Amino acid sequence: LHVLFRHPAATKSRRGRAGNADVGVRDTIPDPYRTPNPEDALMGDAVIVSTARTAIGTARKGTLLDVSAFDLAKYAVGEALTRSGIAHDDVDDLQMGESLQGGGDIARYAAVDLGLLNVPGVALNRHCASGMAAVQGAAASIRAGMDRVVIAGGAESISSSPAVMKRTLGTDDMAAWMSPSHPATPDAPAFDISLTGGLTPA
């Protein structure tokens, strides 16, 4: 799911009318050289303007077998932006959750692929909660006045996730490895993906 946020300037104007969705954050930030207005202390809100998603595939089989997480991200982000009617130049940031794609920046990749060259993009990894973490971060950034338009969501492809090898400490042997989300214990082995990617992160 990819969600587009836009700052609606939730504070009221001095004429008593509600601010409209086109008012920028800077219009509600208090000027330090004038008398403070109590309304300026109110934080603006973040709203969902449009959404888009791809179909959900089955790992290692089906029609999405050979579609990478990077392409899935590009399709969803591009469609969410098209549906919103917001200009590309108005997008401040792109936040994307991903878990098993090697640790790169899938958000920046999607931004460049879509021609959003001035959008920095940030990838987040909270395993199964990664997409939600991206949405939370986007909403918080908008409410804090740091950004006005943010695209957020997540993308993953188990079918195309890379396999990582790591040397077993004290030996020259290489073994399959996954970056753990918690210290391994007998009750919660760190390399059991049902624990690493499901129960512990959320």
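This note goes through the predicted model point by point, from overall confidence to individual contacts.

1. **Overall make-up.** The protein chain has 4 helices and 7 strands. From the N terminus on, their order is β-β-α-β-α-β-α-β-β-β-α. The chain holds 202 residues, and buried residues make up 37% of them.

2. **Confidence.** The model is predicted, so begin with its pLDDT. The chain averages 78, and 73% of the residues score at least 70. Among the elements, helix 2 has the highest mean pLDDT, at 96. Helix 4 (residues 193-199) has the lowest, at 47. Two stretches call for caution. Over residues 9-33 the pLDDT is below 50, and this stretch has 33 contacts in the model beyond near neighbours in sequence. Residues 194-202 are also below 50, with 26 such contacts. Where pLDDT is low, the predicted coordinates should not be read in detail.

3. **Helix 2, buried side.** Helix 2 spans residues 106-113. Which of its residues are buried? They are Ile-106, Ala-107, Ala-110 and Ala-111. What covers the buried residues of helix 2 includes helix 1 (69-84), strand 3 (93-97) and strand 4 (122-124). Just after helix 2 comes Gly-115, with a positive phi of about 85°.

4. The whole structure holds 4 salt bridges. Asp-71, Lys-74 and Asp-113 are linked in a network of them. Asp-71 pairs with Lys-74, with the closest N and O atoms 3.9 Å apart. Asp-71 and Lys-74 are 3 residues apart in helix 1, about one helical turn. Lys-74 also pairs with Asp-113, here with the closest N and O atoms 3.6 Å apart. Lys-74 lies in helix 1 and Asp-113 in helix 2, so this pair ties together parts that are 39 residues apart in sequence.

5. Glu-79 forms a salt bridge with Arg-83. Their closest N and O atoms are 2.9 Å apart. Both residues lie in helix 1, 4 residues apart, or about one turn of the helix. Glu-79 is partly exposed, at 34% relative accessibility. Arg-83 is exposed, with a relative accessible area of 52%. In general, side chains of opposite charge can pair when their charged atoms come close.

6. **Aromatic pair.** A search of the whole structure finds 1 aromatic pair. The partners are Phe-70 and Tyr-109, 4.8 Å centre to centre. Their planes make an angle of 55°, and the pair is tilted. Phe-70 lies in helix 1 and Tyr-109 in helix 2, so the pair ties together parts that are 39 residues apart in sequence. Phe-70 is partly exposed, with a relative accessible area of 23%. Tyr-109 is partly exposed as well, at 45%.

7. **Strands 6 and 7.** Strand 6 (residues 164-167) and strand 7 (residues 174-177) run antiparallel. How many bridges join them? There are 4. Lys-166 has Ala-175 as its bridge partner in strand 7. The two strands form a hairpin with 6 residues between them. In this hairpin, Gly-170 takes a positive phi near 85°.

8. **Asp-90.** This residue is found in the loop between helix 1 and strand 3. Asp-90 is partly exposed, with a relative accessible area of 37%. Its C-alpha atom is separated by 9.9 Å from that of Leu-116, 26 residues away along the chain.

Definitions and conventions. Residues numbered from 1 in each chain as written. Predicted model: local features only at pLDDT ≥ 70, side-chain atom pairs only at ≥ 80, totals over all residues. Heavy atoms only, no water. Pairing = 2+ DSSP bridges. Buried < 20%, exposed > 50% of the residue type's maximum accessible area, 1.4 Å probe, protein only. Contact = heavy atoms within 4.5 Å. Salt bridge = Lys/Arg side-chain N within 4 Å of Asp/Glu carboxyl O. Phe/Tyr/Trp six-rings, centres within 6.5 Å; stacked < 30°, edge-to-face > 60°. pLDDT = per-residue confidence, 0-100.
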